[in-house]
Amino acid sequence: MSWTAHDIETWLGNCADRMTQAAPELNTLDGQLGDGDLGATLQKCAALMKAGLSGTAALPSDAFKTAASACARASGSSFGTLLAVALLVLAQETAGKPTLLVQDMAPLLEKIIAALMLRGRSKLGDKTALDSLEAIRLAVSNLQDAEDLQLLCSAAAERAIEDFRMRPNLIGRARMFAEKSVGLADPGMVAVARIVGRAA
């Protein structure tokens, strides 16, 4: 299974739609331990992404670069910056490639996780979006066909939220309320799940 630039633009547009739809939920979750702007930031990212994705990208990397630029301009929550970094990694790692293969997913996620750990000074186990991305990476690590891709990614992201729910947040603003964070879903992890989308 492979995806062309058109496929990637369509997927990014769908992600943007899901980010907009999830904005109220994410603002509420973020407000429990943070400043409550996660959803608003992703809504800005989504609007700029939709405006920039013209359906004319020649390569998948072009679409990723456009989306990365949009998220960088949105500013606001640190999650927006991390999303821009993730998309930029995708643009760099797929540069010159006419298609993206399903077998590319796990290595690309590994590169994204490494870049986000460096940028956010976080690590796996801190109860952040990184843990959701790692769960997805593990789920697709041996995938040879995209038939069950949506189901695998969605299930992995949702499972990660529950696996970490009873743990404290160890980084970011939420770390200052570590005890209060026990029992709460991490907003960043929920954001990953919503961007991925629920399985049909």
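1. A residue is called buried when its relative accessible area is under 20%, exposed when that area is over 50%, and partly exposed in between (1.4 Å probe, protein chains only). By this criterion S61 is buried, with a relative accessible area of 6%. S61 is part of helix α3. Leaving aside residues up to four places away in sequence, S61 touches A91, T94, A95 and G96, where contact means heavy atoms within 4.5 Å.

2. The model is predicted: local features need pLDDT of at least 70, side-chain atom pairs count only at pLDDT 80 or more, and totals for chains, interfaces and linings use all residues. Residues are numbered from 1 along each chain as its sequence is written, and side-chain values use heavy atoms, with hydrogens and water left out.

3. The protein has 9 helices and 2 strands, in the order β-α-α-α-α-β-α-α-α-α-α from the N terminus. Helices (H or I, at least four residues) and strands (E, at least two) are DSSP runs, numbered from the N terminus.

4. The radius of gyration is 16 Å, close to the 16 Å given by the globule rule for 200 residues, so the protein is as compact as a globular protein of that length. This radius is taken over C-alpha atoms, and the rule is 2.2 Å times the number of residues to the power 0.38. Along the principal axes, the C-alpha atoms fill a box of roughly 50 × 35 × 35 Å. Buried residues account for 48% of the 200 residues.

5. Helix α1 (residues 5-33) and helix α3 (residues 60-74) have axes that come within 7 Å and cross at roughly 25°. Axes are lines fitted to C-alpha atoms, for helices over the stretch in contact, with angles from 0 to 180 degrees between N-to-C directions. The two helices are therefore roughly parallel; this term applies under 35 degrees, roughly antiparallel over 145, roughly perpendicular from 65 to 115, and oblique to the rest. A5, I8, E9, W11 and L12 in α1 meet P60, A63, F64 and A67 in α3. By class, this contact has 8 nonpolar, no polar and 1 charged residues. Ala, Val, Leu, Ile, Met, Phe, Trp, Tyr, Cys and Pro count as nonpolar, Asp, Glu, Lys and Arg as charged, and the others, Gly among them, as polar.

6. The axes of helix α5 (residues 105-120) and helix α6 (residues 129-140) come within 9 Å and cross at roughly 160°, which makes α5 roughly antiparallel to α6. The residues of their contact divide into 11 nonpolar, no polar and 3 charged.
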